[in-house]
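Here is a short tour of one protein chain, written to be read with the model open beside you.

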Amino acid sequence: MKKLLVLCLSVGIALPAEGQAHFRHHGWYTLPDSVMTPGDTLTSDTAVICHRKTSGVRSVSKQIHNLAHSKYGTKETDSTKYEVDHLISLELGGSNSIKNLWPQIYPEAYEKDRVEDELHRLVCQGKMNLRQAQVGISRDWVALRDSLSNSHVTTSNRFHLSNRY
């Protein structure tokens, strides 16, 4: 192990800091570190999420925003590249906790937003269990998007971007 450490340092490979989050990947898509960003919820009450506006609970301080970037080693000043996103969206009962926030790259953030909108619609129409939506999006939003696209519960197949970047 010591030889590997010396080798990495001698060729200039950066070693991850302890407590540093690492992006996961599903194909081309970026996912958050499932240990550092496991997701967190305020509610699992369908009556609440289907009848409230998220503006009343959307409140992420600049300090927490910066902490989300710091955990992943991204720059909080690069708002054209990343959006600090709720892993479990507020419209699905997600919280503003640092356990639920991560810097998501654009344009993937827009695609995840469409998945969240569809999940909210399905939950509020009684076609999907809220807990299933919360767990699914926190584990792998891309896999959940694909399973929705392949099922007959969605109103349309609107989950794929025409151009990757």
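Thr43 is buried, with a relative accessible area of 14%; buried here means under 20% relative accessible area, exposed means over 50%, and partly exposed is in between, using a 1.4 Å probe and protein chains only. Keep in mind that this is a predicted model, in which local features need pLDDT of at least 70, side-chain atom pairs count only at pLDDT 80 or more, and totals for chains, interfaces and linings use all residues. Residues are numbered from 1 along each chain as its sequence is written, and side-chain values use heavy atoms, with hydrogens and water left out.

Where does Thr43 lie? You will find Thr43 in the loop between β2 (29-31) and α2 (46-49). Helices (H or I, at least four residues) and strands (E, at least two) are DSSP runs, numbered from the N terminus. Setting aside neighbours within four places in sequence, Thr43 is in contact with Val48, Ile49, Arg52, Leu92, Gly93, Leu130 and Gln134, where contact means heavy atoms within 4.5 Å. A polar atom of the Thr43 side chain also lies 3.0 Å from the backbone nitrogen of Asp45.

Next, the cysteines. A disulfide is a covalent bond between the sulfur atoms of two cysteines. Taking a disulfide as a pair of cysteine sulfur atoms within 2.5 Å, the count comes to 1 disulfide. Cys50 is joined to Cys124, with an S to S distance of 2.0 Å. This pair links distant parts of the chain, 74 residues apart: Cys50 is in the loop between α2 and α3 (62-72), while Cys124 is in helix α4 (residues 108-124). The link of Cys50 and Cys124 is left-handed, with -100 degrees about the S-S bond.

The table gives the accessibility of the residues discussed so far.

| Residue | Relative accessible area | Class |
|---|---|---|
| Thr43 | 14% | buried |
| Cys50 | 22% | partly exposed |
| Cys124 | 33% | partly exposed |

Now turn to strand β3 (residues 82-86). Because 5 of the 5 residues of β3 are buried, this strand is largely enclosed by the rest of the structure. Tyr82, Val84 and His86 point one way from β3, and Glu83 and Asp85 point the other way. Strand β3 runs antiparallel to strand β4 (residues 101-105), and 5 bridges join them; two strands pair if DSSP finds at least two bridges between them. Within β4, Pro103 is the bridge partner of Val84.

Helix α3 belongs in this picture too, as its buried residues pack against β3 and β4. Which residues of α3 are buried? They are Ala68, His69, Lys71 and Tyr72. These residues cover an arc of only 160 degrees around the axis, so they sit on the same side of α3; the arc is that of the directions from the helix axis to the C-beta atoms. On the other side of α3, Lys62 and Gln63 are exposed. Just after α3, Gly73 takes a positive phi of about 75 degrees.

Finally, step back to the whole protein. Its secondary structure comes to 5 helices and 4 strands, running α-β-β-α-α-β-β-α-α from the N terminus on. Of the 165 residues, 39% are buried. Among contacts between residues at least 6 apart in sequence, 69% join residues at least 24 apart.

Note on methods: A polar contact is a pair of N or O atoms within 3.5 Å; within protein, one must be able to donate a hydrogen and the other to accept it, and residues adjacent in sequence count only if both atoms are side-chain atoms.
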